[in-house]
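Thanks for coming, everyone. I would like to take a few minutes to walk through one model, so please have a look at it before I start.

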Amino acid sequence: MTAFFSYDDFLEKAREFHGCASPGLMLGCSMVELALHSMGRTQHYHALCETARDLPDAVQLLTACTAGNGRLHVFELGRFALTLYRVQGGRGVRVHLDAAKTAGWPHIRRWALGEDCRDDKELLRLEHEIRKAGISLFSASAVQMKDVFLEEAPRDVMTLCIGCGEAHPAWMGPLCRACAGRSPYVPRLPAVRHEAEG
């Protein structure tokens, strides 16, 4: 274990950071462990998660790759897999939950296929299987990253949006993405005035 003394220490930190020690986070712990072991000795690597579900938090807890420092990338493919790679040269190791290796682990297999645990007893069995299986559930392979993942993100020249007045990257044009119609928010409705009852 890299950042923690034991698996139980990891689970405690996971509960604090993620809100719970979810099965995906527990599996992610072993995946990161296998990837780090396969990478060899290096401090200079980035991480790519192929799902936003649980794995990014495992990576952030166990490595120096975080969303905030730009070394953690989420590329949503819907697959339970992660890659650690060196920016220089682009070589890395991809680790994924191997469906063939879940055959002897019925609770893990059901979880991997999207079935929810029916009760606390079933969740305990799933957690027991995850602990017992360790890294045996995963396959690792060498990968070469595409150049787009190896480029340092340039510091954007900022400009003020002519719509809202907030700073945004100049390459987006005179309007920020929100003012250009790409806001995630529903437009604010004008306030309704209530006439005093006569």
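**Pocket, salt bridges and core**

Let me begin with the second largest pocket, whose lining has six nonpolar, five polar and four charged residues by class; here Ala, Val, Leu, Ile, Met, Phe, Trp, Tyr, Cys and Pro count as nonpolar, Asp, Glu, Lys and Arg as charged, and the others, Gly among them, as polar. This is a predicted model, in which local features need pLDDT of at least 70 and side-chain atom pairs count only at pLDDT 80 or more, while totals for chains, interfaces and linings use all residues. Residues are numbered from 1 along each chain as its sequence is written, and side-chain values use heavy atoms, with hydrogens and water left out.

About 270 Å³ of space lies in this second largest pocket, and of the 15 residues that line it, the closest to its centre are Arg79, Phe80, Leu97, Ala112 and Leu113. A pocket, on a 1 Å grid over the protein atoms alone, is an open set of points where a 1.4 Å probe fits, with protein on both sides within 12 Å along at least five of seven lines, and lining residues have an atom within 4 Å of a point; the volume is the space filled by probe spheres set on the points, which are joined across faces, edges and corners.

Arg79 takes us to the salt bridges (a side-chain nitrogen of Lys or Arg within 4 Å of a carboxyl oxygen of Asp or Glu), of which the count comes to two. In one of them Glu50 pairs with Arg79, the closest N and O atoms being 2.8 Å apart. Glu50 lies in the loop between strand 1 and helix 3 and Arg79 in the loop between strand 2 (72–74) and strand 3, so the pair ties together parts that are 29 residues apart in sequence; helices (H or I, at least four residues) and strands (E, at least two) are DSSP runs, numbered from the N terminus. Arg94 also forms a salt bridge with Glu50, with the closest N and O atoms 2.7 Å apart, and the shared partners join Glu50, Arg79 and Arg94 into one network.

Are Arg94 and Glu50 buried or exposed? Both are buried, that is, under 20% relative accessible area, with exposed meaning over 50% and partly exposed in between (1.4 Å probe, protein chains only). Arg79, at 43% relative accessibility, counts as partly exposed.

Lastly, Leu82: leaving aside neighbours within four places in sequence, its contacts (heavy atoms within 4.5 Å) include Val59, Val93 and Arg94.
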